[in-house]
Amino acid sequence: NQMLYIFILFLVSLLSTLWIFRKVHRIAQMKNVVDAPDARKLQDHPIPVLGGLSVFFGIIVALVFCQLFFGSSSLFSFIGIMAIMLIVGTTDDILSLSPTLRLVIEVIVVLLFIYGTGWSINDLHGLWGSGQIPAYAAVPLTVLACVGIINAVNMIDGVDGLMSGYGIVVSFIFGVLFYQSGDMGMAAMAMIAAGAMIPFFMHNVFGKKSKMFLGDGGAL
């Protein structure tokens with residue numbers, strides 16, 4: 001029963017994130033990896049910014065289970081790309097990388113993803129009267145779309161629950177659409193993402209002593 005498998009993966013990601021969250025929160029406080037208040041920010045005290053690490057952990061644990069149910073040759077590429085983006089974003093949280101350097105790294109990472117998995121936006125399936133797209137156009141289109149979405153998501157991460165709430169809703173929608181189209185592997189990945197973000201959302205919005213931000217690591 002593929003729907004049951006997907007539900008199990010959803011629960012694995014949710015429970016894994018829930019289990020690791022307070023441990024990551026404690027580490028961020030101990031190492032002073034926090035977002036300090038200033039005139040541009042809403043909080044009145046420092047807030048830990050390693051929330052993305054807890055979400056990443058939940059996704060990775062569930063992806064390992066996903067490999068058991070829906071074997072994917074792209075699994076390690078997914079994990080590798082996610083890890084690079086997490087490291088870049090977390091480094092930016094701590095050291096404040098320049099926007100240009102971040103953009104260059106994002107482009108390189110998306111190119112690695114394209115050539116590592118063989119996936120790209122190479123067919124619009126009739127959208128705007130277009131079908132198959134040749135590789136010389138598909139690769140730059142994919143880079144533009146991915147880098148654009150990465151930075152758009154990063155830019156809305158300024159209000160409690162906004163980015164994670166948006167991510168949960170969108171992941172659920174993608175999960176349903178992928179399931180209806182018969183792509184169970186991608187449906188599972190979408191539901192894994194949704195499950196991993198739910199515990200973070202609850203702490204981020206309703207937590208008093210456990211509030212934590214995604215940080216650039218989580219947003220990227």
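The points below take up the basis of the model, its salt bridges and a nonpolar patch.

1. This is a predicted model, in which local features need pLDDT of at least 70 and side-chain atom pairs count only at pLDDT 80 or more, while totals for chains, interfaces and linings use all residues. Residues are numbered from 1 along each chain as its sequence is written, and side-chain values use heavy atoms, with hydrogens and water left out.

2. A search of the whole structure finds three salt bridges, a salt bridge being a side-chain nitrogen of Lys or Arg within 4 Å of a carboxyl oxygen of Asp or Glu.

3. Arg102 and Asp92 meet through their side chains in a salt bridge, at 2.6 Å from N to O. This pair links distant parts of the chain, with Arg102 in helix H4 (residues 99-117) and Asp92 in helix H3 (residues 75-95), ten residues apart; helices here are DSSP runs of H or I with at least four residues, numbered from the N terminus. Arg102 counts as buried at 12% relative accessibility, and Asp92 counts as buried at 8%, where buried means under 20% relative accessible area, exposed over 50% and partly exposed in between, with a 1.4 Å probe and protein chains only.

4. Arg102 also forms a salt bridge with the side chain of Asp216, at 3.4 Å from N to O. Here the pair links helix H4, which holds Arg102, to helix H8 (residues 215-219), which holds Asp216, and the two residues are 114 residues apart. Both Arg102 and Asp216 are buried, and Asp92, Arg102 and Asp216 are linked in a network of salt bridges.

5. Asp160 forms a salt bridge with Lys211, with the closest N and O atoms 2.7 Å apart. The two are 51 residues apart, Asp160 lying in the loop between helix H5 (135-155) and helix H6 (162-181), and Lys211 in the loop between helix H7 (184-206) and H8. Asp160 is partly exposed, with a relative accessible area of 37%, whereas Lys211 counts as buried at 15%.

6. A nonpolar patch on the surface is formed by Leu4, Tyr5, Phe7, Ile8, Leu11, Leu15 and Leu18, with about 610 Å² of accessible area together. Patches are made of residues with over 30% relative accessible area and no salt bridge, joined within 9 Å for like charges and within 5 Å for nonpolar side chains (Val, Leu, Ile, Met, Phe, Trp, Tyr); accessible areas come from the Shrake-Rupley method with a 1.4 Å probe, and for residues only the protein chains shown count as cover. Leu18 lies in helix H1 (residues 2-30) and is partly exposed, at a relative accessible area of 44%.
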